[in-house]
Amino acid sequence: MNSTAIPTPIWSAGTVSRFTGDPGEGIGRAAPARLRSIDTPPPARAPRFLHVVEPGAKVRRVGGRVLVAKKDKVLLEVPTIKLEGVLLYGAVQVSTPCLRKLLEEGIWLSFFTRSGAYLGRLQPPSERGGKLRRRQWEVSRSAEAALAFARAVVRGKILGQRLVAAAYAKNYLAETLGDAYQALVRCLERLEQVRDLEELRGLEGTAARAWFELFRRWNRSELPFGGRVKRGATDPLNVLLNFGYTLLTRELEGLLEAAGLDPTIGFYHQPDGDRPSLACDWVEEFRHPVIDRLVLRLVNLGVIKAADFED
């Protein structure tokens, strides 16, 4: 689970725990008011989240700090003045006094399995989530707000495509700096001119076709790739992509649940039954830097081969 966090700056203590925030901020300052209207603009600094993933770790309170320890060794200390939420993965213990104090201070706790499946959430009475989810639904029904959010989603996706293309240009310059790459540049330039979600989806489709043309050229393995197949994939590379996207979407769905949002209420991907539409929104900008690049690395280095698959 160390590969994904709520998207704020990350301060890491090894691989055991992590605090998403600025390690030098807030010490010695008065605690800010924690309760604010969900319509109020967010603070200048994003909320801070502590992820504890080390099996056997214990979380407790010492004064105004949350302390993570294992076998009498302190792994991490974080002032509660900086915390918005605590996420606990697998066999991590938390003391009852710590639980009570965090809830009193308006800090929620979410629980996951070791593999990242969401289990549930403890939250202060003021954060039951009804107002937040109702507002989320209202915004999703606003064509203007949904388009603004969706535009940001597609912008992040295309920027992710360009980021990976720039990395591959070091080894595959001719394959990268061609018509397909220029198509990505043009799509990014046209983004602000889009007038509705349908037009935006068309633009995203154009960028996706250009991207997978680059992906096809970067594939130097024995595994063929004729193009992207989303459902019913029968070739190994598309199977690997679909599998990776599914795992990533499920992980992001759990993080959204942990934060009190409804994963089924999306903006670019509009609500559709029980589909995790908001997780589908969020996964877009991570698809190519996280999954596509990993798949290419695994097949190009021969870690995964044709013999690993069967019809």
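## Overall make-up

The model is a predicted one.

The chain holds 311 residues, and 46% of them are buried. Among the contacts with a separation of 6 or more, 61% are between residues 24 or more positions apart.

## Helices H3 and H6

Two packed helices are described by the angle between their axes and the distance between the axes. Helix H3 covers residues 143–168, and it packs against H6 at an angle of about 15°, with 11 Å between the axes. Angles under 35 degrees count as roughly parallel, so H3 and H6 are roughly parallel to each other. The crossing of H3 with H6 is left-handed.

From H3, the contact is made by Ala146, Leu147, Ala150, Arg151, Val154, Lys157, Ile158, Gln161, Val164, Ala165 and Tyr168. From H6, the residues are Leu197, Leu200, Glu204, Ala207, Ala208, Trp211, Leu214 and Trp218. Sorted by class, this contact has 15 nonpolar, one polar and three charged residues.

## Helices H6 and H9

H6 also packs with H9: their axes come within 11 Å and cross at roughly 25°. Angles under 35 degrees count as roughly parallel, and H6 is therefore roughly parallel to H9. The crossing of H6 and H9 is right-handed.

H6 contributes Trp211, Phe212, Phe215 and Trp218 to this contact, and H9 contributes His288, Asp292, Val295, Leu296 and Asn300. By class, the contact of H6 with H9 has six nonpolar, two polar and one charged residues. Trp211 and Trp218 of H6 are listed in the contact with H3, and Trp211 and Trp218 are listed in the contact with H9.

Leucine 223 lies in the loop between helix H6 (197–218) and helix H7 (236–258). Is leucine 223 buried or exposed? Its relative accessibility is 4%, and buried means under 20%, so leucine 223 counts as buried.

Leaving out residues up to four places away in sequence, leucine 223 touches Pro236, Leu237, Val299, Ile304, Lys305 and Ala306. One of these partners is isoleucine 304. Leucine 223 and isoleucine 304 are 81 residues apart in sequence, and their C-alpha atoms are 9.5 Å apart in space.

Tryptophan 282 is in helix H8. With a relative accessible area of 16%, tryptophan 282 is buried. Its C-alpha is 7.1 Å from that of valine 153, although 129 residues separate tryptophan 282 and valine 153 in sequence.

Glutamate 284 is in the loop between helix H8 (277–283) and helix H9 (287–300). The relative accessibility of glutamate 284 is 2%, so this residue counts as buried. Which residues does glutamate 284 contact, leaving aside its neighbours within four places in sequence? They are Val153, Lys157, Glu204 and His269. Two of these partners, Lys157 of H3 and Glu204 of H6, are also listed in the contact between H3 and H6.

Most residues other than glycine have a negative phi. Lysine 71 is not a glycine, yet its phi is positive, at about 50°. Aspartate 72 also has a positive phi, near 65°, and is a residue other than glycine.

Where are lysine 71 and aspartate 72 found? Lysine 71 is in the loop between strand S5 (65–70) and strand S6 (73–79), and aspartate 72 is in the loop between S5 and S6 as well. Exposed means over 50% relative accessible area. Lysine 71, at 78% relative accessibility, therefore counts as exposed. Aspartate 72 has a relative accessibility of 82%, so aspartate 72 counts as exposed too.

## Cysteines

How many disulfides are there? A disulfide is a pair of cysteine sulfur atoms within 2.5 Å, and by this rule the count is zero. Cysteine 98 is buried, with a relative accessible area of 0%. Cysteine 280 has a relative accessible area of 16%, and cysteine 280 is buried as well.

Conventions:
Residues numbered from 1 in each chain as written. Predicted model: local features only at pLDDT ≥ 70, side-chain atom pairs only at ≥ 80, totals over all residues. Heavy atoms only, no water. Buried < 20%, exposed > 50% of the residue type's maximum accessible area, 1.4 Å probe, protein only. Helix = DSSP H or I, 4+ residues; strand = E, 2+ residues; numbered from the N terminus. Contact = heavy atoms within 4.5 Å. Axes fitted to C-alpha atoms, helices over the stretch in contact; angles between N-to-C directions. Parallel < 35°, antiparallel > 145°, perpendicular 65-115°, else oblique. Left-handed = near helix turned anticlockwise from the far one by under 90°. Nonpolar A, V, L, I, M, F, W, Y, C, P; charged D, E, K, R; others polar.
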